[in-house]
Amino acid sequence: MDTVAGRKVLITGAAMGLGRSFAERAVRERAADVVLWDVNERALKETAAELATPDGPRIHHYVVDVSDAQAIAAAGASVRAEVGDIDVLINNAGIVRGNGYFWETRDRADIEKTVAINSLAPMYVTLEFLPAMVAGRTPARVLTIASSAALVANPRMSVYAGSKWAALGWSDSVRLELEQSGNEHVKVTTFCPTYINTGMFEGARGFWFTPIIEQDEAVDTAWAEMKKGTPLVVMPWTSRLNRAISGLLPLKVRDFYLNTVGVYHSMDEFTGRKA
């Protein structure tokens, strides 16, 4: 898939940050339809209005709380009825809550919300559109935004890391299922970046040779590799190194290394996006 021109693209968490940037790229490549899902109605309407041009793609926006499986099902039915089958799905919506140790969690709803949005939502959203992709026999893509936290354990983000480990395990397993069943016209890509400067991880620190990633760099990389059908995209190179080291070194040596280079202290001053 060299371009999304003429195709139908759906993006979750599309009102701001990475989601909005993905939508801008779909518009730039002249997709036929760009479908925006987000829970933030005001920001969603603003983004939809700014993306719409007289000679550009048709822009559709739906207020959807992807932590609610029933809301996903209802919105999926609406999209199929009003827009049609989706060719490119970008599971971008995600949250991170808390900045302390796991036992300091005060609100268990934070755990449920994190897992619902980061782990379950990609599964439920994909289930709305993947069957038609498989049956369509034309090139289709599913891109799921996971995290480098899905590759290496990290203090002060245990629930987030757990949710992203689940997303990675599920996404890559679906990729294998498609290959095994002879449906390789549908390609699944899982994107695992370190911290990106969207504001979501405000206060988090970069570590050894790993500065905070620029948003445009992350989106450009994910977008290009998604079109190629690359199975797993890990950025930057230090995250690939840390993943390899984690698989090779004894546990104590691994922990010493990751602690020394700063990975295990990267969330010490995390505050998150301000309201």
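Which residue in β5 does V88 stand opposite? In this predicted model, the residue opposite V88 is R141 of β5. Strand β4 (residues 88-91) pairs with β5 through four bridges, in the parallel sense.

On to the sheet as a whole. The strands form an open sheet of seven, ordered β3-β2-β1-β4-β5-β6-β7, with parallel pairing. The edge positions are taken by β3 (58-63) and β7 (232-235); each has a single partner strand, so one side of each is left without a neighbour in the sheet. On average, and with direction ignored, neighbouring strands of this sheet are turned by 15° against each other. Helix α2 (residues 41-51) packs on the sheet, where it touches β2 (33-38) and β3, and the direction of α2 makes about 180° with that of β3.

Strand β5 (residues 140-145) is also joined to β6 by six bridges, and β5 and β6 run parallel. Within this pairing, I145 has F191 of β6 as its bridge partner. Strand β6 (residues 186-193) is mostly covered, with seven of its eight residues buried.

A helix pair was also examined. The axes of α4 (residues 108-136) and α5 (residues 158-180) come within 8 Å and cross at roughly 15°. Because of this angle, α4 is roughly parallel to α5. The crossing of α4 past α5 is right-handed. Residues of α4 in the contact include I111, V115, P122, M123 and L130, while those of α5 include Y160, K164, W170 and L178. By class, the contact of α4 with α5 comprises 13 nonpolar, five polar and one charged residues.

Note on methods:
Residues are numbered from 1 along each chain as its sequence is written. This is a predicted model: local features need pLDDT of at least 70, side-chain atom pairs count only at pLDDT 80 or more; totals for chains, interfaces and linings use all residues. Side-chain values use heavy atoms; hydrogens and water are left out. Axes are lines fitted to C-alpha atoms, for helices over the stretch in contact, and angles run from 0 to 180 degrees between N-to-C directions. Helices (H or I, at least four residues) and strands (E, at least two) are DSSP runs, numbered from the N terminus. Angles under 35 degrees count as roughly parallel, over 145 as roughly antiparallel, 65 to 115 as roughly perpendicular and the rest as oblique. A crossing is left-handed if the near helix is turned anticlockwise from the far one by less than a right angle, and right-handed if clockwise. Contact means heavy atoms within 4.5 Å. Ala, Val, Leu, Ile, Met, Phe, Trp, Tyr, Cys and Pro count as nonpolar, Asp, Glu, Lys and Arg as charged, and the others, Gly among them, as polar. Buried means under 20% relative accessible area, exposed over 50%, partly exposed in between (1.4 Å probe, protein chains only). Two strands pair if DSSP finds at least two bridges between them.
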